[in-house]
Amino acid sequence: MSEKILITPKSYYKIRDKMMPLLGDYQPIFNDTGKTFTEKQMLNLAEDVVGIIIGIDPISSKVIENASNLRAISKYGVGMDNIDLEAAREKNIKLDNTPGTNNVSVAELALGLIFAAARNLPQAVKSVKKGEWKRIKGVELTDKTLGLIGCGKIGREVVKRAAGIFKSIKVYDPYFDDSQFIRKYKLQMLDKDRLLQEADFISLHLPLNKETQNFISRKELSLLKGDAVLVNTSRGGLIDEAELYQALKNNELESAACDVFSEEPPGKHQLLELDNFLLTPHMGANTKEAVEKMAAAATRNLIAMLENNSAGGVKN
Ligand code: NAD
């Protein structure tokens, strides 16, 4: 009997026919629910599979403990924060991810959110559809400073595009030292506090980990310019949402535009009641181009690990 693999990403399901030739004899279990699986569902679904192509669904230590045949986990994308990596390594489960497949898509969404916030696009469309004709005043980006936190693969794609839009780009990333890139795009490298004080638009492009949990909290929000815009296409846990709510309500910043939330979907959260808070449903990588690249790369990675042609290895 052929071995089972679990494929959780919802967007993979939509292009599964294209991927079938890559799956060989493995028996795939797809996610046709249209929703991210819960830990409880993952416990059942992963119980007798040998491999998982994982989206943003939780692979906790419990899920790993319960999946006694599991040999390999292939991330559909980059961020591994939904996987208990320590538990996986303890059980010698191979791990891999697909860097380079969605950088452009996420960078373009970050810029989309910047434009949407600068010109109040969602509010304007909503008002027209309500029968109003409210011409909401926005701001230009041409004379503004973009502040980037994290200048990795996605951050650099933002820089390449933002260089033609903003007056200047300032960066905080203590691990980034590509002097050629810094010179080429005239980046000003700053410490965190100065970047928060000086930027008009701040876009987060760093990973979520123990060190970066609530990376933007009370102190950081208090440093922002009163008309600053905060954009987060990285991970929800980077921003302290209770503090962001207070800051937006008290006009300590102009607005925030996010693609990610600490809990997805967020349910009835008070931030959603604010007009100056925009949230898209974690769709940064959800483009035709990125989905096909991620699906093919994640499938090849999983099959190579299962057939012992690859030892895996999480890449940045
Ligand atoms: P990357 O690893 O290439 O880059 C991350 C950068 O952050 C690195 O340059 C690193 O030096 C920097 N960094 C790490 N810790 C930092 C800190 N404490 N302060 C400042 N900088 C720090 O990652 P990437 O591929 O560019 O992804 C960036 C983020 O985007 C990740 O959180 C990832 O999970 C997220 N992401 C979101 C989506 C989406 O659909 N919205 C899709 C893909 C990735």
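A search of the whole structure, which is a predicted model, finds 1 cavity of 30 Å³ or more. Rolling a probe the size of a water molecule over the atoms shows where empty space is left. Here a 1 Å grid is laid over the protein atoms alone, and a cavity is a set of points where a 1.4 Å probe fits but cannot get out. The largest cavity has a volume of about 40 Å³, a volume being the space filled by probe spheres set on the points, which are joined across faces, edges and corners. Its lining, meaning residues with an atom within 4 Å of a point, includes Asn 232, Gly 236, Glu 241, Phe 261 and Phe 277. By class, this lining divides into 6 nonpolar, 2 polar and 1 charged, where Ala, Val, Leu, Ile, Met, Phe, Trp, Tyr, Cys and Pro count as nonpolar, Asp, Glu, Lys and Arg as charged, and the others, Gly among them, as polar.

Residues are numbered from 1 along each chain as its sequence is written. In this predicted model local features need pLDDT of at least 70 and side-chain atom pairs count only at pLDDT 80 or more, whereas totals for chains, interfaces and linings use all residues, and side-chain values use heavy atoms, with hydrogens and water left out.

The protein chain is divided into domain 1 (4–101 + 287–306) and domain 2 (103–279), with bounds that come from an automatic or database domain assignment. Their centres, taken over C-alpha atoms, are separated by 30 Å, while 9 residues of domain 1 are in contact (heavy atoms within 4.5 Å) with 6 residues of domain 2.

The second largest pocket, an open set with protein on both sides within 12 Å along at least five of seven lines, has a volume of about 420 Å³. Of the 19 residues that line this pocket, Ile 56, Asp 81, Phe 261, Ser 262 and Glu 264 are the closest to its centre. Both domain 1 and domain 2 give residues to the lining, so the second largest pocket lies between them.

Turning to the ligand, 26 residues are around it (a heavy atom within 4 Å), and Lys 153, Ile 154, Asp 173, Leu 206 and Thr 233 come nearest. Among the polar contacts (N or O atoms within 3.5 Å), a backbone N or O atom of Thr 233 lies 2.9 Å from a nitrogen atom of the ligand.

Methods: Polar contact = N/O pair within 3.5 Å; in protein donor to acceptor, adjacent residues only side chain to side chain.
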